[in-house]
Amino acid sequence: MRLGLHHRQANNFSTSARREEEVRFSLDINVAFGQESMTELGRLFHIWQRSGRSVGGARYWKDLQQNGGMALEGWLYASLIDVALDDPYNFFVTRHARRGVFPNYERRFLREIKSDMNLDSIAMEYTLAKERAAPQYDEIHQWSGNDSRHYARAIFPFCDVAGKVKYLLFATRPITDVVPLNSSLQVPVLLR
Amino acid sequence: MSDEETVFLGKVRPVRTTRRHGFGGDFQYEEEYSVSDLPKFIGSRPVERIFHYWKELDVSAPSGWNLRDHIPALLDHVGTTADVTEDDPLATKIIRHNTCPDTGYGPQWDGMPLRAYTDWLDHAVSCGLTYRRCKASREPLLHRITQSVQGLERDYLRLILPEQEEGGEIVRIHCATIRLKANRLIGRPK
C-alpha cells in the first residue's frame with residue numbers, strides 16, 4: 001500500500017459538468033488493522049474479535065450483548081445498519097456516526113439518501129458485506145458534485161440466532177477533509 | 001461498415017464513474033453514460049438497433065420482447081436476460097447468457113441466481129443493483145464495463161433495457177452488449 005506517490009489536481013475536471021466518481025481499494029484486514037490500532041476502526045476490530053462465537057466470518061449479535069455489549073454513544077465515527085430485509089434500499093440506519101458528511105441519516109432507510117452515487121455505492125458495499133459475512137476494510141476516494149472525500153472504512157457483520165447476518169457495524173476514518181473541487185489543493189490518491 | 005464493426009469515439013463524458021479494486025489484481029471500472037450518447041459509441045449500431053426495437057415496443061406491450069422472431073440476427077448482442085422479480089438483488093436469476101466467442105463462457109450461468117457467482121461477487125452485486133435501478137426507474141441504462149476478474153479481462157458496452165408484463169411490473173431486463181475489445185484470459189479462472 002503506497003500513499004501519496006501520485007497526485008492529481010482536485011480541479012482537473014470542468015466544474016460545468018457534475019462529477020460523480022468513486023475509487024475503492026479493498027485491503028487485507030489483518031494488514032489494515034495493524035495500522036489502525038490507535039483509531040476507532042482498530043478499537044472496533046478488537047471489539048468484534050472479542051465479541052464471541054463465529055458464524056463463518058460473522059459474529060453473533062447476542063454474544064456481543066452478553067459480553068458487555070457496546071455503548072455507541074461515545075463513538076464519533078461508528079454506525080449500525082440493520083440489513084435484515086432483502087432489499088438493500090430498505091436497509092435501516094439504526095445509528096449513524098456523529099461526525100462525517102451525512103450525520104442526519106440516523107433512523108432512516110437507505111432509500112432516503114439523496115445522492116444517487118452514495119446510495120448505490122453504500123447499497124453495494126453493505127450487500128457485499130452481508131453476503132460475504134466477513135469483515136472488510138476499504139479505502140475510498142469520492143468526488144461528488146463540488147466535494148471530494150477520502151476515507152477508510154471497516155465493516156463488521158453480526159448475525160441473529162439463526163446465523164443470518166442482521167447488523168453491520170462500521171466505522172470510517174477520514175484521510176483528508178472534504179475538499180471542494182475548485183480548491184487548488186492536491187488530493188493524494190492511493191496506489192497499490 | 002458492417003454490422004459487427006464498432007466505433008468507440010472515446011470523447012463522451014460519463015455521468016458517473018466507479019472504480020473498484022479487489023484482491024489479486026481484480027478490478028472493475030464502470031462508466032455510466034447518458035443513453036442519448038449511444039450513437040457516439042456505436043458505429044454500425046447493433047446495440048442501437050436493439051434500443052430502437054425496445055422503444056418501438058413501447059414496453060406497454062405485455063411479453064412484447066421477442067427478438068428471436070423479430071430480429072434474430074441481433075440475438076447474439078443480447079448478452080444477458082434476467083428475471084428481476086425478487087427484491088434481493090442477488091436472487092436475480094439469469095434466464096439466458098450468451099456464449100463468449102473468445103472464451104466459451106456464458107451458458108453455464110443460465111438459470112442461476114447472481115448469488116451463485118461467488119468468485120465474481122463484486123460484479124454480481126453490481127449487476128444486481130444496477131438491474132434493480134433499471135427496474136425502479138423503468139428507463140434504460142448505458143455503461144462501459146472494463147474489468148479483470150479471476151483472470152478474465154473484458155471491456156464492453158452494456159445497455160440495460162427493462163421489460164414489463166401485463167399489470168406494469170418490470171419482470172425482466174435485457175442487456176444488449178458489444179465488446180469494445182476481445183475478451184482475454186490472462187490467468188486461470190476458477
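Predicted model: local features only at pLDDT ≥ 70, side-chain atom pairs only at ≥ 80, totals over all residues.
Local features are reported at pLDDT of at least 70 and side-chain atom pairs at pLDDT 80 or more, whereas totals for chains, interfaces and linings use all residues. Residues are numbered from 1 along each chain as its sequence is written, chains are lettered from A in the order in which they are written, and side-chain values use heavy atoms, without hydrogens and water.

We can start with the interface. Here 29 residues of chain A are in contact with 22 residues of chain B, contact being heavy atoms within 4.5 Å. The two chains bury about 2300 Å² between them, with 54% of it on carbon and sulfur atoms; buried area is the accessible area (1.4 Å probe) that two parts lose on being put together, summed over both. Of the area that chain A buries against chain B, 24% comes from Arg24(A), Met124(A) and Glu131(A), more than from any other three residues.

Eight salt bridges are counted between chain A and chain B, each a side-chain nitrogen of Lys or Arg within 4 Å of a carboxyl oxygen of Asp or Glu. One of them joins the side chains of Arg19(B) and Glu21(A), at 3.8 Å from N to O. On the side of chain A that touches chain B, the elements giving two or more residues are strand E2 (19-27) and H4 of chain A; helices (H or I, at least four residues) and strands (E, at least two) are DSSP runs, numbered from the N terminus. H4(A) gives the most to this side, with 11 residues. By class, this side of chain A has 11 nonpolar, four polar and 14 charged residues, where Ala, Val, Leu, Ile, Met, Phe, Trp, Tyr, Cys and Pro count as nonpolar, Asp, Glu, Lys and Arg as charged, and the others, Gly among them, as polar.

Turning to the cores, the largest nonpolar core has 45 residues. Such a core is a set of buried Ala, Val, Leu, Ile, Met, Phe, Trp, Tyr and Cys residues joined through side-chain atoms within 4.5 Å, and buried means under 20% relative accessible area (1.4 Å probe, protein chains only). Ile81(A), Leu110(A), Tyr126(A), Leu168(A), Tyr131(B) and Ile173(B) have the most contacts inside this core. Not counting residues up to four places away in sequence, Ile173(B) touches residues including Thr80(B), Val84(B), Tyr131(B), Cys134(B) and Ile160(B). Another core, of 26 residues, lies apart from the largest one, and Tyr137(A), Ala152(A), Ala154(A) and Ala171(A) are among its members.

Several local features complete the picture. In helix H2 (residues 40-50) of chain A, the buried residues include Leu41(A), Leu44(A), Phe45(A) and Trp48(A). Gly52(A), with a positive phi near 135 degrees, follows H2(A). Ala133(A), in the loop between H4 and strand E8 (136-145) of chain A, has a positive phi near 50 degrees and is buried, with a relative accessible area of 16%.

In chain B, Trp120(B) sits in the loop between strand E4 (93-97) and H4 and is buried, with a relative accessible area of 11%. Among the residues it touches are Gln147(B), Val149(B) and Gln150(B). The C-alpha atoms of Trp120(B) and Gln150(B) are 7.7 Å apart, although 30 residues separate them along the chain. Gln150(B) lies in the loop between E5 and E6 of chain B and has a positive phi of about 50 degrees without being a glycine.

Technical notes
Buried < 20%, exposed > 50% of the residue type's maximum accessible area, 1.4 Å probe, protein only.
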